Every structure is written in structure tokens, then in C-alpha cells.
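Colleague: Before I use any of the labels attached to this model, I would like to hear what stands behind them.

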Amino acid sequence: MNVLVIGTGSWGTALASVLAKNGNTVLMWSRNPEHIDQLKQNSNNPNYHPDIELPNTIQFTSQTNITESFDIIVYACPSYAVKKVLLKLELNINDQTIFVSTAKGIHNTSLKTVSQSLTDLYGIDWIKKRFATLSGPSFAHDVIRQKPTAVTVATYNTSTAIKVQQAFHCPTFHAYRTDDVIGVELAGALKNVIAIAAGVCDGLKLGPSARSALITRGLAEIIRIGLAQGAKVETFSGLAGLGDLLLTCTSDLSRNRRVGKMLASGLSLRQTIKQLGQVAEGIRTTKSAYKMIQKMGTQSVIMMQIYQAIYEHKPLKDALNAILYQGAEKEI
């Protein structure tokens with residue numbers, strides 16, 4: 001297939017490598033001409049995967065007038081920029097184009113997921129036929145090194161899901177399909193907030209028992225929000241739910257967990273973002289999650305406390321104390 005990958009970061013590069021090795025024609029786009037020049041001159045991505053040689057069939061561009069028609073467009077940039085990027089590129093998106101989102105976030109103002117945001121641009125009929133979201137327990141570090149990885153592809157259309165599976169499937173990268181688009185999107189976004197909390201928990205050296213309790217209760221909060229939005233409960237026990245949550249909350253490769261650990265070390269939010277050097281979607285999603293639970297009246301102690309710690313300067317120890325020690329609520 002003819003594939004455009006929007007974004008030349010760590011995840012976009014890893015997915016482009018999988019797609020190219022599967023025999024697809026791959027063009028990668030970045031808004032940064034200097035980075036594109038680096039990619040053209042090197043056999044790797046020096047900013048993210050300097051030790052990994054990329055397939056020499058991948059092409060690169062920073063041009064915004066891409067008039068070519070693509071079978072699949074893979075969006076691998078932050079969720080909050082999706083409308084801005086697509087309008088800037090003026091892509092030839094039609095009834096034959098499959099759009100695959102890999103972004104895991106919720107817009108701060110509209111409180112919409114990527115599929116909901118794109119409905120404003122292309123209409124619900126196009127979303128039902130051509131939109132897919134790819135999510136699950138997967139790090140770019142593992143994928144580009146061909147470590148075994150399993151993810152979920154969520155679409156409303158089975159034939160669209162099968163085409164996405166065919167494009168990505170290889171011995172080390174398996175994509176399982178579901179029709180619960182909103183459930184997969186919410187699970188992928190909200191688990192980043194819990195991962196920040198888990199990072200704070202580990203940074204304060206509260207122990208693995210505390211982290212396990214936090215993750216379990218965090219999953220319950222995600223499920224409550226998801227069900228209120230029309231998601232299917234079984235989604236949250238699968239790869240896109242529990243699988244992604246466990247990985248993001250326990251691995252040092254997780255950006256959002258690192259955010260929590262850095263905050264626990266005494267760094268400010270501004271210092272943390274600067275030191276991280278990459279986008280951690282959970283920082284913005286914490287604000288979105290707070291607004292959502294306020295609007296819905298959903299019980300979400302962890303997300304409420306992490307919001308207060310990040311945006312209202314509540315001491316982290318007090319926030320974790322409220323999460324782990326206070327109250328005698330019913331189980332889950």
C-alpha cells in the first residue's frame with residue numbers, strides 16, 4: 001500500500017520501519033525541514049533511534065502541498081495538534097483513504113478524542129468507514145528493534161480494520177481488531193494520567209504494593225469514565241486497556257511515568273517538560289480528565305489528585321496520601 005506517516009518522532013519512525021519492511025511504499029512527513037534533511041542524509045533517525053538502520057525505501061518530506069493519494073495515512077503526532085496539522089497539509093483525504101491515529105490524548109477545550117475531533121472536519125460517515133486508531137502496550141524502542149508486540153486496531157468498519165492489519169502485520173507486530181473506537185481512545189489517553197501517578201508513587205519510594213493498588217484503582221477510574229462515554233467494558237481488560245496501563249505504569253521507557261518521577265524528585269512542571277525533551281500526552285490529558293470528571297460527576301480520586309498536584313501546586317505527598325491512605329470507599 002501507499003502510506004504517509006505524519007510525524008518523524010520515535011513512534012512514527014518505528015511504525016514507518018514496520019510498514020516499509022512489510023513492502024509498503026512509505027513517505028514520512030515532518031514540519032521541520034532540518035530534521036528531514038538529517039533523515040535524508042543518514043540511514044537512521046539520529047534524534048530518536050541513532051543505533052537502528054532504517055529501510056532505504058522510506059522517503060521523507062517537509063512539503064505541505066502533498067497532492068499524492070494515499071491508501072493509509074498514519075498520524076503519529078500529539079493529539080492536540082491533529083486538526084492544525086491536517087489543515088496545514090491539505091491532504092487528499094477521500095472515501096478511499098484510511099486514517100490511522102496513534103495519538104493518545106483528549107483535547108483540553110473540546111474534551112474530544114481524535115475521532116471526535118476529525119468528525120468535525122470530515123463528517124461522521126467518513127469516520128465510520130475510514131477511521132482507525134492503533135493502541136496498546138507498545139514502545140517504539142521495542143517495535144523498531146523487532147521485539148514481539150501486540151496492539152489493538154479499533155475501527156467501525158471491519159474491512160478497514162483488515163486492511164490496517166494487513167499493512168502492519170509481521171511476525172513481531174500483531175494487530176488485533178475491535179469496533180470499540182471510543183473505548184480504545186479513552187483507555188490510551190487516560191492511562192497516561194495514571195502513569196504519572198505511578199511515577200510519583202515510585203519517585204516517593206512508596207513501594208510496589210502501593211503502585212499495584214494505584215494501578216488497580218486507576219483502571220477502575222478509567223472504566224467508569226469509559227462506560228459513561230459509551231465504551232465497552234471488555235475493552236479495558238484487553239491490550240488497549242489493562243495491557244497498555246501496566247506497561248506505561250511500570251516501565252522506565254514510559255514518558256508519563258518519568259514525568260511523575262521527575263516531579264517527585266522536586267522538579268517543577270516546566271523543568272520536567274524541558275528535561276524530558278519529548279511530548280508526554282499525560283500532562284495535557286490530566287487537565288482534560290479533570291474537566292471530564294467534573295462534567296460527568298464521575299468518582300476519580302487519582303485523576304483529581306494528580307490534576308491538583310500538577311496545576312494547583314498541591315504537594316505531591318499530600319496528593320498521594322489522599323489517593324493511598326485516606327477514605328474507606330467500597331472496593332474498586
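**Labels and their grounds**

Modeller: M28 stands opposite F60 in β3, and three bridges join strand β2 (residues 25-29) to β3, the two running parallel. This is a predicted model in which local features need pLDDT of at least 70 and side-chain atom pairs count only at pLDDT 80 or more, while totals for chains, interfaces and linings use all residues. Residues are numbered from 1 along each chain as its sequence is written, and side-chain values use heavy atoms, with hydrogens and water left out.

Colleague: What makes β2 and β3 a pair?

Modeller: Two strands pair if DSSP finds at least two bridges between them, and three bridges join β2 to β3, so they are paired. Strands themselves are DSSP runs of E with at least two residues, and helices are runs of H or I with at least four, numbered from the N terminus. Likewise, six bridges join strand β7 (residues 149-155) to β8, again parallel, with A154 opposite T178 in β8.

Colleague: Why are β3 and β8 said to stand at the edges?

Modeller: Eight strands form an open sheet of mixed pairing, in the order β3-β2-β1-β4-β5-β6-β7-β8. β3 (59-61) and β8 (173-178) each have a single partner strand, so one side of each is left without a neighbour in the sheet. From one strand to the next the twist averages 25 degrees.

Colleague: Why is α9 called roughly perpendicular to α14?

Modeller: The axes of helix α9 (residues 208-228) and helix α14 (residues 301-311) come within 8 Å and cross at roughly 100 degrees. That makes α9 roughly perpendicular to α14, given that angles under 35 degrees count as roughly parallel, over 145 as roughly antiparallel, 65 to 115 as roughly perpendicular and the rest as oblique. The axes are lines fitted to C-alpha atoms, for helices over the stretch in contact, and angles run from 0 to 180 degrees between N-to-C directions. L214, R217, G218, E221, I222 and I225 in α9 meet V301, I302 and M303 in α14, where contact means heavy atoms within 4.5 Å.

Colleague: How do you know whether T248 is buried or exposed?

Modeller: T248, in helix α10 (residues 239-250), has a relative accessible area of 3%. Buried means under 20%, exposed over 50% and partly exposed in between (1.4 Å probe, protein chains only), so T248 is buried. Leaving aside neighbours within four places in sequence, T248 is in contact with K191, N192, A195, S254 and R257.
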